[in-house]
Structure formats: structure tokens, C-alpha cells
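Here are a few notes to read alongside the model.

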Amino acid sequence: MQGPSAFKAATNSNGSISREVEPGNYKVEEVIKFTEDWQATTPAEQSIALERGKEGILRFGNFRIARSVLTIIKFEDLNGNGIYDQDQGEEGLPGWEFSIEGQEPITTGEGGVISLRDVKSGTYTVREKIKPGWFSTTKTEQSIKINPGEEKKLYFGNKKPQLITKFEDRNANGAMDAGEKGLAGWIFDIKGPVTTIKTTDANGQININDLPSGDYAVTERLIDAAWYNTTPVTQSVKVPGPGAYFGNDKYRTLNVFKFNDLNKDGKYNENEPGLEGWEFQVSSQAEPAFTDSNGLAKFKVKANGKY
């Protein structure tokens, strides 16, 4: 307030300011709260001439602008039903990119949320950018109409494929470790609400998201006697749910050499010949083996064993 008595003041709970001042000409200017979406409906600067003993009144009107809000929610759709079931442990996915017509790409933040405030009324088309290894359970492109003052939400669900993975378990530890590769062309019998046969792809995987919900028994077929299982041959899998890993390793060859110790020193020398027809038995092996013409008896054994 500028005039004979200059001061600054804020309105009380009734929206008024009352002050005794010296008579004279005054200019009063309000400070608009732009950050709170207010818009003046009367002049923001008004003048008044005050006489001694008289009361003067100035009225300042404001209107709160109705802002529209568009909220995008990205979530992991664990059960694949296209609905954000937070009560079933489904959570938002941060770090997913979306594009809206006429705007720069934006990324979901904490909780998988993008909140766009003060959007203009109209129709908006929102597209998600799919990440490798995921598939959509809702439309990847959705349109919505927003009227002034409305808050609208769009939900985008994604799910990781439920996979059966067949891998070469080179260290025979029953787990797929770094560097171990999938095995293509292995056949699996799947029995549950439906019965089917599926074969692993080039990555050693089978996607079972297309199966009806329920409990399944998944059994691998051993395609070659050169391999043995490092995980159970049959495993229980619930759809939807986590996948399963099936490991196999190739048998190793244990060579036993029998030789004629000509100099009786207990050590093999190059001039000492192998002995044919000698019988050997290896622990865990059902059948014995006999040395061949080179003095070698061969056994198929599993890795990491003591024999």
C-alpha cells in the first residue's frame, strides 16, 4: 500500500485487511499467487482517496484456475490380467520411456508414475517404449480426452515372459551361471490344464505365457545318452508365475591305463606297453570295463565326482 501511510500486509482468515491510516490518496496493489493457480478478476492495482474519519473499502477478486492433470502409471503385471493389482504385490516400474504427441519423451519416476500438471484440454495419445525381455499386457498406445479441471489416469502393464530355460550346466552345479549357454532343440512334455509338447528355441527357451492358468508338470526328454541331468527331470510350474531352469552336462571320460612296468619302478615309461584284457571297476559304475589293445579302460562319469 502506497500513500501517507505505506505498509505491506496479508489478508486474515476472512480475506480482509483493516488498518487505521492517515487521510490522503492511496494506491493498493495485490501480489497474485501465480504458483497457486490464481487469476485476478478485478484490477490488481486500485486507488482510493481517504478523508479523515471516513472508511474506505477496496475489493480485489480472484478466481482459482481449474488445472487439468494427466497421470501415467507403469506397472509390472505379475498375473498378466492387464489390471494394476497392488493388493497382490504388483508395483510400479520406474525408468520406462513414454512419448506424447508434440512433446519430448518422458520417463517414469519413483513408483512408475509420470504426472503432467496444467495440461490443456483436448485428446492426448500416449505411447510406451517397450524394453527388451518384456511384453505388454495392456495397449502400448492409448488415447484419452481431458476436459478443463479433470484428472485422468492411464495404466500401462508389462510382464516378463514366463520361460522354461534349458542350459548346458558345464560346472554341473544345478544353476545357470554366467557364460553357460542355452540348448536349442530340446523337447519338453507339459501336462496340466492342457497337455502339450514344446521345443526350446535358439536361446534354449520356451515361452509358456500362452498356457491357460494352472499347475503344470514339465518334463524334459533326454535327447542324447551323452548327457545327464543336473536338475530334476520333472519340475512343477505354476502359470502365471516364475519360470523353471533345466540343466544338463555332458559325461566326462575317465581313462584308466594299465601298463607292463618292465623296470618295476612303479612309473610309466614310454617304452612300456599297455596291457589288454585287464578288468577295472569304478565306483558308481554298474559295469566293469576291460582294457583295450592300448591298455586303456574307459568310463563315462559325471563332473565334480570322486572315483
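1. Strands here are DSSP runs of E, at least two residues long, numbered from the N terminus. Do keep in mind that this is a predicted model, where local features need pLDDT of at least 70, side-chain atom pairs count only at pLDDT 80 or more, and totals for chains, interfaces and linings use all residues. Residues are numbered from 1 along each chain as its sequence is written, and side-chain values use heavy atoms, with hydrogens and water left out.

2. β24 runs antiparallel to β21 (residues 252-257), and six bridges join the two. F299 of β24 is the bridge partner of L254. Two strands pair if DSSP finds at least two bridges between them.

3. Have a look, too, at the open sheet of four strands, ordered β8-β5-β12-β10 with mixed pairing. Its edge strands, β8 (113-119) and β10 (135-136), each pair on one side only. β10 is antiparallel to β12 (residues 151-159), with two bridges between them; S136 has N158 of β12 as its bridge partner.

4. D169 sits in the loop between β13 (163-168) and β14 (187-191).

5. What lies 2.6 Å from a polar atom of the D169 side chain? That is the backbone nitrogen of G174.

Technical notes: A polar contact is a pair of N or O atoms within 3.5 Å; within protein, one must be able to donate a hydrogen and the other to accept it, and residues adjacent in sequence count only if both atoms are side-chain atoms.
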